[in-house]
Amino acid sequence: MKQIMKIRDIRATTVTVPLEAPLRHANGCHWGRFVRTIVEVETDNGLIGLGEMGGGGESAEQIFRAMKSYLVGHDPARLEEMRFKIANPTASLYNNRTQIVAALEFACLDILGQCWGVPVSEILGGRLRDRVPFASYLFFRYPNPKSGAGEVRTLDQMVANALALKERFGFTSHKLKGGVFHPDHELAIYRAVAHALPGDSFRFDPNAVWSTEQAIRFGQAIVDIRNDYLEDPVFGLNGMRRTREMVHIPLATNTVVVNFEQLAANVLNTAVDVILLDTTFWGGIRACAKAAGICETFQLGVAVHSSGELGIQLATMLHLGAVLPNLSFAADAHYHHLTDDIIEGGLMKYEGGSIPAPTGPGLGVKLDREKLRQYSELYKRLGNYPYDQDPGRPGWSPLVPNDRWADPAREYSVKFDQ
């Protein structure tokens with residue numbers, strides 16, 4: 001007879017984990033660290049499942065405490081019932097809980113895998129690959145505030161960083177996060193990186209801050225490069241369609257197709273060729289697998305998106321990547337920018353640009369309690385940071401489409417909390 005478990009407790013802990021250097025992007029900056037909320041779901045038989053969500057603080061922790069009134073006594077195997085309990089699309093119209101559902105789903109799948117003695121990938125239908133390939137994630141960066149090292153601002157610095165990441169991790173696909181400087185400056189850098197790494201493939205992402213005309217001009221200027229895709233050059237399905245008509249490179253998104261209604265609209269009138277599935281933003285691993293099945297039916301490309309993960313969410317990305325038959329591209333990950341992790345054994349290891357999917361029961365990762373305490377204390381000391389502000393340019397905010405570019409010739413003086 002099947003053992004019926006019941007959820008007994010839900011706990012959430014906010015942590016902040018340092019990065020090698022602050023990462024600049026089109027809408028602001030990661031200020032030298034990631035802030036994440038670690039979720040623990042405990043059952044009446046003593047199993048503890050792990051989840052993770054971006055951002056944190058008392059408000060995030062309070063949301064998960066509030067979920068106890070919905071889920072204590074609930075069977076963690078009844079995942080669809082849980083989804084409708086806490087994120088019914090009409091009942092939760094004004095308090096979107098998609099990312100809450102995702103973190104709780106991670107934990108419940110972790111519990112089920114532990115109870116049944118199988119990795120989550122087996123629950124999802126069984127792995128098709130044992131390792132998931134990743135792309136390098138190239139950022140413009142401020143220097144590390146302690147060491148002064150790690151700045152990436154110029155063409156030579158970006159090329160050197162790309163070569164170093166390839167040497168260290170074995171990447172053969174490379175993603176450049178742009179939208180910080182004028183498109184002409186970033187075009188020259190993108191072409192230089194491609195020239196420095198012959199035989200590899202490339203992708204560019206300006207975070208949707210270009211006009212359609214800028215996107216077309218940039219896209220037409222890179223057609224000779226071995227591009228995986230051009231990601232989110234503009235915001236909105238219509239802008240993507242206009243760009244797609246004029247640029248003969250696959251377009252990808254994690255901003256304008258991020259739910260099933262938008263996926264249906266894209267199928268009916270294609271604007272995007274490659275859908276970047278994020279286990280958090282789509283509401284869980286199972287939702288991503290469902291979306292990948294739709295993409296398989298309509299011959300859309302699929303990749304795995306990164307939203308600044310620590311090891312728990314990375315494990316969800318690995319289990320997802322292991323089971324998708326139509327994973328057309330190397331996955332994204334910010335992971336190699338981290339200096340540490342909150343899981344036992346520390347940072348997962350890359351080999352040949354890939355990471356093995358965990359084989360242990362459930363998600364296959366365990367909390368390092370001392371690291372959790374250490375980085376929880378660091379969060380309490382430093383607090384949050386404004387992701388959508390650039391500390392090197394006080395008062396700045398981007399337009400969409402943007403014309404307020406950073407100056408690549410200027411060395412910005414930036415002070416970060418440490």
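# Close-up views of a predicted model

Aspartate 232 is buried, with a relative accessible area of 0%, where buried means under 20% relative accessible area, exposed over 50% and partly exposed in between (1.4 Å probe, protein chains only). This is a predicted model, in which local features need pLDDT of at least 70 and side-chain atom pairs count only at pLDDT 80 or more, while totals for chains, interfaces and linings use all residues. Residues are numbered from 1 along each chain as its sequence is written, and side-chain values use heavy atoms, with hydrogens and water left out.

View A. Aspartate 232 lies in the loop between strand S10 (227-231) and helix H9 (237-246); here helices (H or I, at least four residues) and strands (E, at least two) are DSSP runs, numbered from the N terminus. Most residues other than glycine have a negative phi, and most peptide bonds are trans. Aspartate 232, although not a glycine, has a positive phi of about 45°. Glutamine 299, also not a glycine, has a positive phi of about 60°, and its place is the loop between helix H11 (285-297) and strand S13 (301-304). Glutamine 299 counts as exposed, at 68% relative accessibility, whereas aspartate 232 is buried.

**View B. Glycine 236 in the loop between S10 and H9.** With a relative accessible area of 19%, glycine 236 is buried.

**View C. The crossing of helices H6 and H7.** The axes of helix H6 (residues 155-169) and helix H7 (residues 183-196) come within 9 Å and cross at roughly 35°; axes are lines fitted to C-alpha atoms, for helices over the stretch in contact, and angles run from 0 to 180 degrees between N-to-C directions. The crossing of H6 and H7 is right-handed, a term used if the near helix is turned clockwise from the far one by less than a right angle, with left-handed used if it is turned anticlockwise. In H6, Leu155, Met158, Val159, Ala162 and Leu163 meet Ala188, Ile189, Ala192, Val193 and Ala196 of H7, contact meaning heavy atoms within 4.5 Å. Sorted by class, this contact of H6 with H7 has ten nonpolar, no polar and no charged residues; Ala, Val, Leu, Ile, Met, Phe, Trp, Tyr, Cys and Pro count as nonpolar, Asp, Glu, Lys and Arg as charged, and the others, Gly among them, as polar.

**View D. Valine 159 and asparagine 161, both in helix H6.** Valine 159 counts as buried, at 14% relative accessibility, and, not counting residues up to four places away in sequence, it touches Ala192, Val193 and Ala196. The C-alpha atoms of valine 159 and glycine 178, which are 19 residues apart along the chain, are separated by 14 Å. Asparagine 161 is buried as well, with a relative accessible area of 12%; leaving aside neighbours within four places in sequence, asparagine 161 is in contact with Leu138, Arg141 and Val152.

View E. A pair of aromatic rings is described by the distance of the centres and the angle of the planes. Rings of Phe, Tyr and Trp (its six-membered ring) pair if their centres lie within 6.5 Å, and planes under 30 degrees apart count as stacked, over 60 as edge-to-face and the rest as tilted. By this rule the count comes to 14 aromatic pairs. The rings of tyrosine 190 and phenylalanine 204 have centres 5.2 Å apart and planes at 70°, so this pair is edge-to-face. The pair links distant parts of the chain, with tyrosine 190 in helix H7 and phenylalanine 204 in strand S9 (residues 201-205), 14 residues apart, and both residues are buried. For tryptophan 210 and phenylalanine 218, the ring centres are 4.6 Å apart and the planes lie at 40°, so this pair is tilted; tryptophan 210 and phenylalanine 218 are buried. Ring pairs link Tyr190, Phe202, Phe204, Trp210 and Phe218 into a cluster.

**View F. The buried residues of helix H8.** In helix H8 (residues 212-220) the buried residues are Thr212, Gln214, Ala215, Ile216, Phe218 and Gly219. What covers these residues includes H7, S9, S10 and H9.
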